[in-house]
Amino acid sequence: MTTILVVDDEEPVVNLLADVFEEQGYTVRVAYNGRTALEIVRENPPDLVVSDIMMPFMDGVTFCRILQAESDIPVILMSAAPQPNFASIGARAFIPKPFTLDQMDTLVGQVLAERG
């Protein structure tokens, strides 16, 4: 079963995405900052990470850079801030907030399909 790690410091965003992904049949784990997400990934790597950029303790950019140095787990970054050069960070995609659930679903499907 495909596992997605959702990382965001906003609990409503985490809960919404977790509920949607679980309804689609994915196993979902959650973290509220990059530091905790990195611990989760190191213990039990997911198939995909969907992470916010602006978070306390460790932001999404730092988390993504560390993760990509250690693994090939694809990362989708999301943020209300302007789009970063996500490829230089090591992310596979970026989705601006606010986004629709259909947009997120399409992007997740594309990234997972690319991974094989």
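**Close-up views of a predicted model**

**View 1. Asp8, Glu10, Asp52 and Lys97 join up in a network of salt bridges.** A salt bridge here is a side-chain nitrogen of Lys or Arg within 4 Å of a carboxyl oxygen of Asp or Glu. This is a predicted model, in which local features need pLDDT of at least 70 and side-chain atom pairs count only at pLDDT 80 or more, while totals for chains, interfaces and linings use all residues. Residues are numbered from 1 along each chain as its sequence is written, and side-chain values use heavy atoms, leaving out hydrogens and water.

**View 2. Lysine 97 meets aspartate 8 in a salt bridge (2.6 Å, N to O).** Lysine 97 sits in the loop between strand S5 (93-96) and helix H5 (101-115), and aspartate 8 in the loop between strand S1 (3-7) and helix H1 (11-23), 89 residues apart. Both lysine 97 and aspartate 8 are buried (under 20% relative accessible area; exposed is over 50%, partly exposed in between, with a 1.4 Å probe and protein chains only). Helices (H or I, at least four residues) and strands (E, at least two) are DSSP runs, numbered from the N terminus.

**View 3. Lysine 97 also forms a salt bridge with glutamate 10, the closest N and O atoms being 3.7 Å apart.** Glutamate 10 lies in the loop between S1 and H1, so its pairing with lysine 97 ties together parts that are 87 residues apart in sequence. Glutamate 10 is partly exposed, at 40% relative accessibility.

**View 4. Aspartate 52 and lysine 97 meet through their side chains in a salt bridge (3.4 Å, N to O).** Aspartate 52 belongs to strand S3 (residues 48-52), so this pair connects parts 45 residues apart in sequence.
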